[in-house]
Amino acid sequence: MDDDFDFPSASNAADEMGMDEELDLPETNPVIKVGEEKEIGKNGLKKKLINEGEGWENPSSGDEVEVHYVGTLLDGTQFDSSRDRGTPFKLKLGQGQVIKGWDEGIKTMKKGEKALFTIPPELAYGESGSPPTIPPNATLQFEVELLSWTSVKDICKDGGIFKKVLVEGEGWQNPKDLDEVFVKYEALLEDGTLISKSDGVEFTVKDGFFCPALAKAVKTMKKGEKALLTVNSQYAFGEKGRPQVGDEISVPPNASLQINLELVSWKTVSDVTNDKKVLKKILEEGEGYERPNDGTVVKVKLTGKLQDGTVFVKKGHDGEEFEFKVDEEQVIEGLDRAVKTMKKGEMALVIVQPEYAFGPSESQQELAVVPADSTLYYEIEMVSFVNEKESWDMNAQEKIEAAGKKKEEGNVWFKAGKYARASKRYEKGVGFVEYDSSFSDEEKQQAKLLKISCNLNNAACKLKLKDYKEAVKLCTKVLDIDSRNVKALYRRAQAYIQLVELELAEQDIKKALEIDPDNRDVKMEYKILKDKVKEYNRKDAQFYGSIFAKMSKLEQQNSSSAEKKEAMPMAIDRAVHLRAVSSVSAKTRDCWSAMITAVKAGLRSISTRLNAPVKSKTS
């Protein structure tokens with residue numbers, strides 16, 4: 001065979017056969033054992049595994065692969081071999097550089113794998129063959145060994161930036177928009193002219209640096225990764241190019257670039273409050289995975305600074321760490337929430353906007369005054385913390401004690417008007433005793449009382465927070481345990497009234513009064529419900545009166561219009577036309593009238609029931 005044997009491109013082979021260029025690709029990579037042969041995809045391609053490869057990754061479209069191969073006809077006649085030439089063959093997958101059978105088959109291989117591919121004519125050279133060595137409609141066999149590949153990705157999916165990985169990075173994480181990356185890069189024009197270079201520059205990903213391609217690329221890279229970027233002008237400097245900047249030469253309009261890029265490291269920046277008003281930049285990673293929970297006592301070292309660098313607080317640096325309890329309002333909210341995201345040993349810079357700091361008020365701190373509306377900068381080291389035991393680590397009595405403790409904490413916050421904090425404590429309390437199948441009978445009774453009181457108190461929190469649907473759910477949970485609980489009926493009725501579920505509210509109030517006829521709070525709520533119904537009756541009367549007025553006006557306009565058209569030539573008899581208009585108007589009025597009657601009947605029914613005396617029942 002000639003050393004310069006060349007594969008026709010897949011597109012040329014397809015054109016010669018009159019085929020559609022798009023063929024079905026394999027949906028999955030089938031598992032094949034050594035010596036086993038399986039079909040790949042739906043077009044007749046077969047693969048027999050000779051030697052297994054290593055790892056789990058496969059090359060994909062755009063990747064540059066290096067292989068050794070031997071090609072034969074079905075009768076064993078060899079027509080080409082890279083092994084005979086002593087030089088591996090290199091190609092770019094999915095770019096039409098080889099026959100389609102190769103593109104499809106190599107994508108299923110792992111590094112170091114050797115396989116025999118049997119390729120039908122439709123995925124090879126078709127009806128034309130490749131004279132003089134390959135006859136028409138020939139089925140071919142290729143023994144292929146995948147030596148290596150270099151990943152090349154179209155990272156924007158529009159051909160604007162191709163990234164070729166030169167050195168693999170470590171780990172699996174990639175920088176995000178808020179992160180600060182440290183990179184080295186070298187940018188050249190297509191002719192090799194150097195236009196910019198840096199041995200180390202730091203920038204925030206979302207802000208970018210040099211040209212748009214750098215920010216796009218680093219978001220796909222791992223720590224320590226080196227890559228070659230092929231950048232079209234749209235992600236470089238576009239139609240206008242770039243004028244000379246200092247010692248860097250100008251970039252011509254519509255110029256493409258080659259950029260060697262290394263992601264040396266980055267600092268993770270997280271949006272603690274999801275509104276970009278408390279940002280945490282990790283300066284040094286912590287250990288493990290555990291983070292503080294609400295109520296955990298943490299020990300930290302911290303330094304607080306103003307924007308101009310003035311230190312206003314410094315704690316924990318004199319040999320004794322600063323200690324406080326998370327989510328207990330012992331520090332500003334921004335600091336409190338940031339600390340909950342930290343691991344033991346982690347060091348971070350936390351930037352807190354005024355809304356989560358001291359707000360519009362001036363505040364005298366340990367070392368300086370914090371002016372109103374100040375953004376604060378805290379350098380924090382998480383020295384240590386010990387979270388409370390989780391419920392799965394507790395026995396039954398410990399769970400009951402923990403639930404009681406959370407209930408008492410919730411009560412303290414409720415009395416202080418901190419309803420959201422109280423709600424979290426009640427929820428935590430219920431969580432300890434929710435599953436009580438392993439409890440003794442006495443413990444089950446204790447758990448039952450705790451579930452009832454925590455859910456009732458939490459419902460009161462939800463009413464204060466105007467989360468009425470959640471209040472209904474919590475009261476219903478109580479009623480599932482104790483169907484005659486007056487407080488649950490009363491609070492659920494309050495929620496139903498706010499949700500304008502007046503019939504349901506009525507049912508709960510009447511049931512509560514049957515159980516406790518002298519309950520003053522329930523009677524007051526009954527009066528509120530009656531007032532609500534009267535208010536809705538009045539509003540409905542105004543609304544439907546307005547509708548009738550508009551319909552009457554519309555009917556008059558229709559009649560007037562019909563009179564004006566009397567003298568005009570008509571395709572149908574005038575009397576027939578007027579009868580049709582009258583019929584439509586009458587049906588419309590009847591429809592509205594029926595609907596209004598039904599609504600008013602419903603409201604009258606509620607009003608009648610509300611005014612009826614409530615019969616008490618003895619238990």
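**Briefing: helices, cores and aromatic pairs**

Helix α10 is mostly covered, with ten of its 13 residues buried; buried means under 20% relative accessible area, exposed over 50%, and partly exposed in between (1.4 Å probe, protein chains only). This is a predicted model: local features need pLDDT of at least 70, side-chain atom pairs count only at pLDDT 80 or more, and totals for chains, interfaces and linings use all residues. Residues are numbered from 1 along each chain as its sequence is written, and side-chain values use heavy atoms, with hydrogens and water left out.

**Whole chain**

- The protein chain holds 13 helices and 22 strands. Helices (H or I, at least four residues) and strands (E, at least two) are DSSP runs, numbered from the N terminus.
- Of the 619 residues in the protein chain, 41% are buried.
- The protein chain exposes about 33900 Å², and carbon and sulfur atoms supply 48% of it. Accessible areas come from the Shrake-Rupley method with a 1.4 Å probe; for residues, only the protein chains shown count as cover.
- Take the contacts (heavy atoms within 4.5 Å) between residues at least 6 apart in sequence: 66% join residues at least 24 apart.

- α10 covers residues 486-498. Its 13 residues reach 19 Å from first C-alpha to last, close to the 18 Å expected at 1.5 Å a residue. The expected span is 1.5 Å times one less than the number of residues.
- The buried residues of α10 include Arg491, Arg492, Tyr490 and Tyr496. Val486, Leu489 and Ile497 are also among them.
- Asparagine 485 caps the N-terminal end of α10. A side-chain oxygen lies 3.2 Å from the backbone nitrogen of lysine 487.
- Valine 500 follows α10 and has a positive phi, near 60°.
- α11 (residues 502-515) has 14 residues, which should span 20 Å at 1.5 Å a residue. Its end C-alpha atoms are 20 Å apart, which agrees.

**Nonpolar cores**

- A nonpolar core is a set of buried Ala, Val, Leu, Ile, Met, Phe, Trp, Tyr and Cys residues joined through side-chain atoms within 4.5 Å.
- The largest core has 31 residues. Phe210, Val231, Leu257, Ile259 and Leu261 have the most contacts inside it.
- The elements that give two or more residues to this core are β10 (180-189), β11 (194-204), α4 (212-218), β12 and β13.
- A second, separate core has 29 residues, including Leu302, Val313, Met342 and Val352.
- Beyond its neighbours within four places in sequence, phenylalanine 210 contacts residues including Tyr185, Ile195, Phe237, Arg242 and Leu257.

**Serine 233**

- Serine 233 sits in the loop between β12 (226-231) and β13 (257-267).
- Serine 233 counts as buried because its relative accessibility is 18%.
- Leaving aside neighbours within four places in sequence, serine 233 contacts Gly238, Asn254, Ala255 and Ser256.

**Aromatic pairs**

- The whole structure has 13 aromatic pairs. Rings of Phe, Tyr and Trp (its six-membered ring) pair if their centres lie within 6.5 Å; planes under 30 degrees apart count as stacked, over 60 as edge-to-face and the rest as tilted.
- Phenylalanine 203 and phenylalanine 209 are stacked, at 5.8 Å centre to centre and 15° between the planes. Phenylalanine 203 is buried at 6% relative accessibility, whereas phenylalanine 209 is partly exposed at 31%.
- Phenylalanine 322 and phenylalanine 324 are tilted, at 5.5 Å and 35°. Phenylalanine 322 and phenylalanine 324 are both buried.
- Tyr69, Phe79, Phe89, Trp102 and Phe142 form one aromatic cluster.

Key:
A polar contact is a pair of N or O atoms within 3.5 Å; within protein, one must be able to donate a hydrogen and the other to accept it, and residues adjacent in sequence count only if both atoms are side-chain atoms.
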